[in-house]
Amino acid sequence: MVNIHQYWVYIMSNKSRTVLYIGITNDLYRRYLEHNKRIYTKIQMS
């Protein structure tokens, strides 16, 4: 049996368009919500 995984590459910006956030996620909507709530991990901040 083959498991198919779907991942998304995203590019987001802050409201004033001074910072770009680039990453990979398997749940684009969840990542969007995390971005709006400013939830970041150390890996994302590197």
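This passage describes the fold, surface and confidence of a predicted protein model.

The protein contains 2 helices and 2 strands. Read from the N terminus, these elements follow the order β-β-α-α. Of the 46 residues in the protein, 15% are buried. Among contacts between residues at least 6 apart in sequence, 3% link residues that lie at least 24 apart. The accessible surface of the protein amounts to about 4600 Å², and carbon and sulfur atoms account for 58% of that surface.

Confidence was considered by residue and by element. The mean pLDDT of the protein is 83, and 83% of the residues reach at least 70. Among the elements, strand 1 has the highest mean pLDDT, 92, whereas helix 2 (residues 42-45) has the lowest, 52. Where pLDDT is low, the predicted coordinates should not be read in detail.

The strands contribute to a nonpolar patch on the surface. This patch is formed by Tyr7, Val9, Ile11, Leu20, Ile22 and Ile24, which together have about 740 Å² of accessible area. Strand 1 and strand 2 (20-25) each provide at least two residues of the patch. The largest share, 3 residues, comes from strand 2. Leucine 20, one of the patch residues, is located in strand 2. Leucine 20 counts as exposed because its relative accessibility is 59%, where the cut-off for exposed is over 50%.

The segment before strand 1 (8-13) includes histidine 5. With a relative accessibility of 57%, histidine 5 also counts as exposed. The C-alpha atom of histidine 5 is separated by 7.8 Å from that of asparagine 26, although these residues are 21 residues apart along the chain.

Helix 1 comprises residues 28-36, and in this helix Arg31, Glu34 and His35 are buried. Around the helix axis these residues cover an arc of only 100°, and they therefore lie on the same side of helix 1. An α-helix has 3.6 residues a turn, so residues three or four places apart point the same way. After helix 1 comes arginine 38, which has a positive phi near 60°.

Conventions:
Residues numbered from 1 in each chain as written. Predicted model: local features only at pLDDT ≥ 70, side-chain atom pairs only at ≥ 80, totals over all residues. Heavy atoms only, no water. Helix = DSSP H or I, 4+ residues; strand = E, 2+ residues; numbered from the N terminus. Buried < 20%, exposed > 50% of the residue type's maximum accessible area, 1.4 Å probe, protein only. Contact = heavy atoms within 4.5 Å. Areas by Shrake-Rupley, 256 points an atom, 1.4 Å probe, with all protein chains shown as cover. Arc of directions from axis to C-beta. pLDDT = per-residue confidence, 0-100. Patch = residues over 30% accessible without salt bridge, like charges linked within 9 Å, V, L, I, M, F, W, Y side chains within 5 Å. Salt bridge = Lys/Arg side-chain N within 4 Å of Asp/Glu carboxyl O.
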